[in-house]
Amino acid sequence: MADYDYDVLVIGSGPGGYVAAIRSSQLGLRTACVESRETLGGTCLNVGCIPSKAMLHASEYFDAARNGTFAKLGIKVTPELDLPQMHAQRLDAVKQLTGGIAFLFKKNKVEWLKGRAGFVDAHTVSVDGKTYTAKNIVIATGSSVTPLPGVEVNNAQQIVVDSTGALELAKVPARMVVIGGGVIGLELGSIWRRLGANVTCVEFLDQILPGFDGEIRKEANRIFKKQGIEFKLSTKVTGVTVKGKIATLTVEPAAGGAAETIDADCVLVSIGRRPNTDGLALDKAGLSTNVRGQIEIDHRFKTVVPGIWAIGDVVPGPMLAHKAEDEGIAVAENIAGLTGIVNHDVIPVVVYTWPEIAGVGLTEEAAKAKGEVKVGKFPMAGNSRAKTNHEPDGFVKIIADAKTDRVLGVWIVAVPAGAMIAQAAQAMEFGATSEDIAYTCHAHPTHNEAIKEAAMAVTGKPIHI
């Protein structure tokens, strides 16, 4: 047997990579993790999921104080925005969590190889000029912002920015244009809208949130419009020019037509993300990418090259931190000779706006394409906890197979939808029917009672509507 430096070498310390490294070491494998950032955690912890949620949470309080929500509750305040302090609490959250990963590496005896990795061969990588060998190598390099052709992002100028730059704005822009109506654009656009910006979202498709259930997309659009976000749907951006401190966008109908211009103090380019494979020298290991730039794998996360595995944003599937985490655990267990499985049919997705938007499983459109379905819906306006909290917007929607009653998908628009969706995901993981959920006692008063009522509505027997 060859003598390797490590049993497992993980490239990348994002949610997939650091979890894979920790679990590998817990299973008794000599493990190292390569990371080029000064801190661990990848995009998610450093410039993605975590800092954006810190800003979303803070901006929700500010908006509630300013728009009269606090006054309705009998709390009289005159809010004043301290943007530097809002950024400071964001940075503190990032510091604590990335530091926590470093602590977990030490606790679990995972060696951090600081630098950028590239393959030398199938069992050897070079990290900033020094080579290391491993019996198994896990590629977990994540993803980065997809550029928009013809539009130059310069985060330092804070005029045309990507998602990273949008978290660092030193002042609230008077006018912000978000290019892209997906999850990231809507979350970041919501932050700056709450803090005082006039926000316009330009989306090439005819509706926001591609991939989500159709009714959910329409409801989200309605709510965001009510909150003050303007939408230009079925519209493409053909150019962005910067003169002084102002950016001018040229847009035109996606189907063709007369162009118009929009001026903005800040433009956020948010049209998606792409796998990070540049610089890995995949060809030296015998690997290549598909037409979407992804590394193909089998159900055990093996690539076509023995000993090389891949997980997370760099492989096919939704680019979600929790998907990568589950894959990180599974790949480590597979490497150790155990059985690591991820059910990719039950991966929840959440938009952390106000209210939150969440879903798991099939949309109604996708479910109907497979066969006959039953659908139950319940409005949050009929939920007692939502009523007392002044959170009437949204609904719960459950899609079940018409013959077996097995739940195929659950979609929610509600303030705590991100927490509520976990119940739906767990029910689906155990193969629950809508009747199973309907006959499960739910605590009162809670938002989750809306899930019970929606399940009851599948058979046309909800109580509170």
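**Strand pairing and salt bridges in a predicted model**

Good morning. The model is a predicted one, in which local features need pLDDT of at least 70 and side-chain atom pairs count only at pLDDT 80 or more, while totals for chains, interfaces and linings use all residues. Residues are numbered from 1 along each chain as its sequence is written, and side-chain values use heavy atoms, with hydrogens and water left out.

A word on terms. Helices (H or I, at least four residues) and strands (E, at least two) are DSSP runs, numbered from the N terminus. Two strands count as paired if DSSP finds at least two bridges between them.

The opening pair belongs to a contact in which 4 bridges join strand 9, residues 175–179, to strand 15, residues 266–269, and these two run parallel. They are part of an open sheet of 5 strands, in the order 8-15-9-10-11, with parallel pairing. Strand 8 (160–161) and strand 11 (230–232) stand at the edges with a single partner strand each, so one side of each is left without a neighbour in the sheet.

Strand 13 (residues 246–253) and strand 14 (residues 260–264), by contrast, run antiparallel and are joined by 5 bridges. Here threonine 248 has aspartate 263 in strand 14 as its bridge partner. Between the two strands of this hairpin lie 6 residues, and glycine 256 takes a positive phi near 100 degrees.

I turn now to charged side chains. A search of the whole structure finds 20 salt bridges, each defined as a side-chain nitrogen of Lys or Arg within 4 Å of a carboxyl oxygen of Asp or Glu.

One of them joins arginine 23 and glutamate 333, at 2.6 Å from N to O. Arginine 23 lies in helix 1 (residues 15–26) and glutamate 333 in helix 9 (residues 321–335), 310 residues apart. How accessible are these partners? For accessibility, buried means under 20% relative accessible area, exposed over 50%, and partly exposed in between, with a 1.4 Å probe and protein chains only. Arginine 23 is partly exposed at 24%, and glutamate 333 is buried at 17%.

Glutamate 168 and arginine 90 form another salt bridge, their closest N and O atoms being 3.3 Å apart. Glutamate 168 is in the loop between helix 6 (163–166) and strand 9, and arginine 90 is in helix 5 (residues 83–107), so the pair ties together parts 78 residues apart in sequence. Arginine 90 is buried, at 3%.

Thank you.
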